[in-house]
Amino acid sequence: ADITATCERAYASARWAGPAPSRFRDRMWLAHVYWQLRWLGDPTEWAEDPENHLRWGLLRDLTRSRGH
């Protein structure tokens, strides 16, 4: 999570001369959700991988971080 936040700050700093637009946080949150769902929707042999419980946990944490 610390690496993610560091990368997001670096991206925002490189992308915009000043502060990131107000919608940047929302779009980053959606990108995180998309990334987890994208891998869960892969072919059956990947979707049934026991490691995917981590993705479900990340999705749960992401939705809880938004008050859902």
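# Briefing: a chain of four helices

In helix α4, the residues Asn52, Gly57, Leu59 and Leu62 are buried. This helix belongs to a predicted model of a chain with four helices and zero strands. The mean pLDDT of the chain is 83.

**Overall layout**

- Along the sequence, the elements of the chain follow the pattern α-α-α-α.
- The chain has 68 residues, and 19% of them count as buried.
- Taking the contacts between residues at least 6 apart in sequence, 39% join residues at least 24 apart.

**Confidence**

- A pLDDT of 70 or more is reached by 88% of the residues.
- Helix α1, residues 2-15, has the highest mean pLDDT among the elements, at 91.
- The lowest mean pLDDT among the elements, 64, belongs to helix α3, which covers residues 44-47.

**Helix α2**

- Helix α2 runs over residues 24-40 and has 17 residues.
- From its first C-alpha to its last, α2 reaches 25 Å, close to the 24 Å expected at 1.5 Å a residue.
- Its buried residues are Phe24, Met28, Trp29, Val33, Gln36 and Leu40.
- An α-helix has 3.6 residues a turn, so residues three or four places apart point the same way.

**Helix α4 and the residues after it**

- Helix α4 covers residues 52-65, which makes it 14 residues in length.
- The reach of α4 from first C-alpha to last is 20 Å, close to the expected 20 Å at 1.5 Å a residue.
- Just after α4, Gly67 takes a positive phi of about 80 degrees.
- The charged end of Arg66 sits over the ring of Trp29, at 4.7 Å from the ring centre. Trp29 is one of the buried residues of α2.

**Aromatic rings**

- A search of the whole structure finds three aromatic pairs.
- One of them joins Tyr11 and Trp16, with 5.9 Å centre to centre and 90 degrees between the planes, an edge-to-face arrangement.
- Trp16 also pairs with Phe24: the ring centres are 5.4 Å apart and the planes stand at 75 degrees, so this pair is edge-to-face as well.
- Tyr11 has a relative accessible area of 44% and is partly exposed. Trp16 also counts as partly exposed, at 22% relative accessibility. Phe24 has a relative accessible area of 9% and is buried, because buried means under 20%.

- Glu8 lies in helix α1.
- Glu8 is buried, with a relative accessible area of 8%.
- The side chain of Glu8 makes a polar contact of 2.7 Å with the side chain of Arg25.
- A polar contact of 2.7 Å also joins the side chains of Glu8 and His32.
- Leaving aside residues up to four places away in sequence, Glu8 touches Phe24, Arg25, Met28 and His32. Among these, Phe24 and Met28 are listed with the buried residues of α2.

Methods. Residues numbered from 1 in each chain as written. Heavy atoms only, no water. pLDDT = per-residue confidence, 0-100. Helix = DSSP H or I, 4+ residues; strand = E, 2+ residues; numbered from the N terminus. Phe/Tyr/Trp six-rings, centres within 6.5 Å; stacked < 30°, edge-to-face > 60°. Buried < 20%, exposed > 50% of the residue type's maximum accessible area, 1.4 Å probe, protein only. Lys NZ or Arg CZ within 6 Å of the ring centre and 35° of its normal. Polar contact = N/O pair within 3.5 Å; in protein donor to acceptor, adjacent residues only side chain to side chain. Contact = heavy atoms within 4.5 Å. Expected span 1.5 Å × (residues − 1).
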